[in-house]
Amino acid sequence: MTETSVQQHGQSTAEIGTERLLGKGLDVGTANLVAAVQNTDGSITVKLERNAFLDVKADVYSKAMLTKLKVPYVVRGEQLIVLGEASFELANVFGRETRRPMRDGLISPNEVDGLPMIRLIIERLLGEPAQPGENCYFSVPAPSIDRDNNIIYHQGLFEGMLRSMGYTARAINEGHAVVFSELAESDFSGIGISFGGGMVNICVCFKTIPALSFSIGRSGDWIDKNVADVLGIPKSRATFLKERGVDLAAPNGREEEAIAIYYRNLIQYVLTNIKARFESSSNMPVFQSPVPIVCSGGTALAKSFITVFQDEFKKMKFPIPVSGISLASEPLNSVAKGCLVAAALGDAV
Ligand SMILES: Nc1ncnc2c1ncn2[C@@H]1O[C@H](COP(=O)(O)OP(=O)(O)O)[C@@H](O)[C@H]1O
Ligand SMILES: [Mg+2]
């Protein structure tokens, strides 16, 4: 689990006082689960854990080995369960694949055992509610324009889980959370985009109110799959090459060029869809002054991502006046931080 402390933007400790604002934020992502909690001094602690686990047979030999390797585990029936980042490290030692409870932004139909494991990770990340019924806002994907995604079931499962942990659970769209985290200075007007593993979530927001929210079923995993196909390499190798760091504006060699091509295509696809959906929807707000676009999520971590985004943006006639395109200050944490802002605002959201 990685933990970071950040000072909250735009709100001084004096304004908050010593009382901790109630409410917690939780980003329920396919790759990562991230919790954001406010401390008494007004700073925010963000904790991140991989949304993955590995089961090992509960025999004496395995127990001894895990203890020797100092790998934390929980016992469930006949199995030893290793959670989060530790499961990745162990999977490498064993030459196994970790088990992933979610796929493409939703609970995976292939991983029936996954939900109790996610719960264990979430309990560790969030801790107990500060008071009974404390608000916990959690992220859910928006309806997809190119895939069937049944959000109702997924949302209901997490509402029930958080409620049984003592929280009042509220769902918020992932793109909307990005707006809450990053666009306070523009009065929560603008476009928040989260480029995750399985999907991209987009929210066009006007003064805190989402005017348009949707997701597309391609993002980091889609890049990996296509790069793997055209280069004839395993998908995990493509992921490795991509995460090792590619400058999208100056790719080096055939492999990096393939990665840059699919990145550019993904960004084009996102922009084209925002334009088409905005123009074809009724009751869209009229933006009198230009608003920002902010990008977040693991996929946006690639070098020159924003340069390529700006490049593609310039090529089109975008229907909304845009003041600038930027990267979230902490791309992996912004959804969780936005959920926390929403929780603190409570019913005002
Ligand atoms: N340094 C990096 N460069 C490019 N892509 C990255 C990097 N680090 C992580 N990713 C990609 O980010 C995606 C996961 O991002 P994240 O926002 O955590 O996803 P999710 O919301 O699905 O949990 C994966 O596709 C992963 O390969
Ligand atoms: Mg995400």
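Leaving aside residues up to four places away in sequence, Gly298 touches Ala31, Gly196, Gly197, Gly220, Pro331 and Leu332; two residues are in contact if their C-beta atoms, placed from the backbone, lie within 7 Å. The model is predicted: local features need pLDDT of at least 70 and side-chain atom pairs count only at pLDDT 80 or more, while totals for chains, interfaces and linings use all residues. Residues are numbered from 1 along each chain as its sequence is written, and chains are lettered from A and ligands numbered from 1 in the order in which they are written.

Gly298 sits in the loop that runs between β15 (291-296) and α10 (305-314). Here helices (H or I, at least four residues) and strands (E, at least two) are DSSP runs, numbered from the N terminus. Along the chain Gly298 and Leu332 are 34 residues apart, and 5.7 Å separates their C-alpha atoms. Gly298 has 19 other C-beta atoms within 10 Å, so it is partly exposed. By the rule used, a residue is buried if 20 or more other C-beta atoms lie within 10 Å of its own, exposed if 12 or fewer, and partly exposed in between, with C-beta atoms placed from the backbone.

Gly298 also belongs to the surroundings of ligand 1. The ligand is surrounded by 18 residues, of which the closest are Gly29, Gly196, Gly197, Gly220 and Gly298; a residue is near a molecule or strand if its C-beta atom, placed from the backbone, lies within 6 Å of it. Which helices each supply at least two residues of this shell? They are α7 (220-231) and α8 (235-244), and α8 gives the largest share, 3 residues. Sorted by class, the shell holds 4 nonpolar, 11 polar and 3 charged residues. In this scheme Ala, Val, Leu, Ile, Met, Phe, Trp, Tyr, Cys and Pro count as nonpolar, Asp, Glu, Lys and Arg as charged, and the others, Gly among them, as polar.

Another residue to look at is Tyr263, in helix α9 (residues 253-280). Is Tyr263 buried or exposed? Tyr263 is buried, because 26 other C-beta atoms lie within 10 Å. With residues up to four places away in sequence not counted, Tyr263 touches Ile223, Leu248, Ala302 and Val308. Glu111, by contrast, is 152 residues from Tyr263 in sequence and 29 Å from it in space, C-alpha to C-alpha.

Now take the whole chain. The protein contains 11 helices and 16 strands. Its radius of gyration (taken over C-alpha atoms) is 20 Å, close to the 20 Å that the globule rule (2.2 Å times the number of residues to the power 0.38) gives for 349 residues, so it is as compact as a globular protein of that length. The C-alpha trace spans about 65 × 55 × 35 Å along its principal axes. Of the 349 residues, 42% are buried. Among contacts between residues at least 6 apart in sequence, 68% join residues at least 24 apart.

The protein is divided into domain 1 (1-50 + 103-349) and domain 2 (53-94), with bounds from an automatic or database domain assignment. Their C-alpha centres lie 30 Å apart. Domain 1 brings 6 residues to the contact and domain 2 brings 7 residues. On the domain 1 side, β4 (43-50) and α4 (114-126) each supply at least two residues, and the largest share, 3 residues, comes from α4. That side has 4 nonpolar, no polar and 2 charged residues.

Strand β7 (residues 79-83) is mostly covered, with 4 of its 5 residues buried. Strand β5 (residues 53-57) runs antiparallel to β7 and is joined to it by 5 bridges; strands pair if DSSP finds at least two bridges between them. Lys57 stands opposite Gln79 in β7. Strand β6 (residues 74-76) pairs with β7 as well, in the antiparallel sense over 3 bridges, and Val75 has Leu80 in β7 as its bridge partner. In the hairpin of β6 and β7, 2 residues lie between the strands, and Gly77 takes a positive phi near 60°.

Most residues other than glycine have a negative phi. Lys70, in the loop between α2 (60-68) and β6, has a positive phi near 60°. Lys70 counts as exposed because it has 7 C-beta neighbours inside 10 Å. Lys207 has a positive phi near 45° and lies in the loop between β13 (200-206) and β14 (209-216). With 10 C-beta neighbours inside 10 Å, Lys207 counts as exposed.
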